[in-house]
Amino acid sequence: MKKGYMGGNKISRRWYWMPAAILILGILSIALLVGENRIRERHKNNYEFIHALHEARVRTALFHLWFEEAVSNGTRADIEASFNYLDVATNISAALVYGGGAKGVSAMQPLADPELRDHAESMRTLFAEFRKSALERLEDPKRAGIGSPLDKRFNIVFSKLEEKYETLEALTWIKVRS
């Protein structure tokens, strides 16, 4: 007896491959979704970190600017207002190291990368030194004018903070691209 086109086992064997192929494609799709989600989360965390870093940098610069202005010819209220910028920058740096949120930035995870964490922690030390330097300038305003040794020390600490910001940003961009 002659078997026709529809007869025999040829078609039935092909039929069993179809569900297996769909199952494999489904598993691959899920794996791609999970991988894409991990990449997206990593990039989101990196960009939140960079945003927080920029926000802290701006607040630090604003403190430096307004503190200098307040020391030169401002009132006590101007000096206190300038310290608000430093407080926000300090809180952001704490959020960078330990996680959490701060004014102007969304809540973040603590830094897991040891190299970034070390730099961020040293930045927190510089903030304490920056605050101490500013308070020393307030103790004796006559000796703390522009160009004085106290002013130079204040500017040196500010420059160190700027360098730390640049280093952290550069390291973060390297890690984002890798």
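## A residue in helix α4

Thr 172 touches Asn 46, Phe 49, Ile 50 and Leu 116, leaving aside residues up to four places away in sequence. In this predicted model, Thr 172 belongs to helix α4, which covers residues 149-177. Its relative accessibility is 1%. Buried means under 20% relative accessible area, and Thr 172 therefore counts as buried.

## Aromatic rings

The count of aromatic pairs comes to 9. One of them joins Phe 67 and Phe 83: the ring centres are 5.7 Å apart and the planes stand at 85°, so this pair is edge-to-face. Phe 67 lies in helix α1 (residues 10-73) and Phe 83 in helix α2 (residues 76-98), so the pair ties together parts that are 16 residues apart in sequence. Phe 67 and Phe 83 are both buried.

Phe 67 and Phe 83 also belong to a cluster linked by ring pairs, together with Phe 63, Phe 130, Phe 154 and Phe 158. Over the face of Phe 154 lies Arg 137, at 5.1 Å from the ring centre.

## The largest pocket

The volume of the largest pocket is about 290 Å³. Its lining consists of 15 residues, and those nearest the centre are Asn 45, Asn 46, Pro 110, Leu 111 and Ala 112. The elements that give two or more residues to this lining are α1 and α4, with the largest share, 5 residues, coming from α1.

Terms used. Residues numbered from 1 in each chain as written. Predicted model: local features only at pLDDT ≥ 70, side-chain atom pairs only at ≥ 80, totals over all residues. Heavy atoms only, no water. Phe/Tyr/Trp six-rings, centres within 6.5 Å; stacked < 30°, edge-to-face > 60°. Helix = DSSP H or I, 4+ residues; strand = E, 2+ residues; numbered from the N terminus. Buried < 20%, exposed > 50% of the residue type's maximum accessible area, 1.4 Å probe, protein only. Lys NZ or Arg CZ within 6 Å of the ring centre and 35° of its normal. Contact = heavy atoms within 4.5 Å. 1 Å grid on protein atoms, 1.4 Å probe; cavity = no way out; pocket = protein on both sides within 12 Å on 5 of 7 lines; lining within 4 Å. Points joined across faces, edges and corners; volume = space filled by probe spheres on them.
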